[in-house]
Amino acid sequence: MQSNVPALRKESRAVATGEYLTFKLGDEEYGMDILKVQEIRSYEQPTRIANAPDFIKGVVNLRGVIVPIVDLRIKLRCPTAEYNSFTVVIVLNVRNRVVGAVVDSVSDVLELSKDAVRPAPELNAGSVDTRFITGIGTINDRMLILMDIEGLMSSAEMGLMDAAVAA
């Protein structure tokens, strides 16, 4: 199950409006900027890296490029991280670095207008980390948590990028 996403891309838009790849983590539906997505691949067991945090599952060789694989379900503290036939890796291009993100499933690509996106809720910073939530998208009866996937993947706690690249 491999599909290239570039055919879905259109010209870049402001953060509040644009096209989002939607995916599931547990019971929640999320969205990320489609322009960060390189491709979607079925999950394959990566090669484990010693002493890596539990959310970094390891690395895979993707056409000669060694790609770190991050399980977003573990990173975002989902109650379960079950691997099944729907589990996929979203291959991202973040700040000129290729990174894979494991999710439960991919739904579709949605275009959200500015009116369909609300600001992220203000929550007590001590209990909930909302730094990487850019807003809440609504379309019909669906609510999407819109993620700043570039910010998350390049954050210092992920340890995937040099400080100079992440800044």
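**Entry 1: basis.** I note that this is a predicted model, in which local features need pLDDT of at least 70, side-chain atom pairs count only at pLDDT 80 or more, and totals for chains, interfaces and linings use all residues. Residues are numbered from 1 along each chain as its sequence is written, and side-chain values use heavy atoms, with hydrogens and water left out.

**Entry 2: the sheet.** I looked up the strands, which are DSSP runs of E with at least two residues, just as helices are runs of H or I with at least four, both numbered from the N terminus. Two strands pair if DSSP finds at least two bridges between them. I found an open sheet of six strands, ordered S9-S2-S3-S12-S11-S10, with mixed pairing. Strand S9 (105-112) and strand S10 (117-118) stand at the edges with a single partner strand each, so one side of each has no neighbour in the sheet. Strand S3 (residues 28-33) and strand S12 (residues 142-147) run parallel and are joined by three bridges.

**Entry 3: aromatic pairs.** I recorded rings of Phe, Tyr and Trp (its six-membered ring) as a pair if their centres lie within 6.5 Å; planes under 30 degrees apart count as stacked, over 60 as edge-to-face and the rest as tilted. The count by this rule is two aromatic pairs. Phe 23 and Tyr 30 are stacked, at 5.7 Å centre to centre and 15° between the planes. For burial I used relative accessible area: buried is under 20%, exposed over 50%, and partly exposed in between (1.4 Å probe, protein chains only). Phe 23 is buried at 0%, and Tyr 30 is buried at 12%.

Tyr 43 and Tyr 83 form a tilted pair, with 4.6 Å centre to centre and 35° between the planes. Tyr 43 lies in the loop between strand S4 (37-42) and strand S5 (56-62), and Tyr 83 in the loop between helix H1 (72-75) and strand S7 (88-94), so the pair ties together parts 40 residues apart in sequence. Tyr 43 is buried at 18%, whereas Tyr 83 is partly exposed at 35%.

**Entry 4: charges over rings.** I counted a charge as over a ring if NZ of Lys or CZ of Arg is within 6 Å of the ring centre and within 35 degrees of the ring normal. The charged end of Arg 73 sits over the ring of Tyr 83, 4.6 Å from its centre. The charged end of Lys 75 sits over the ring of Phe 55, 4.8 Å from its centre.
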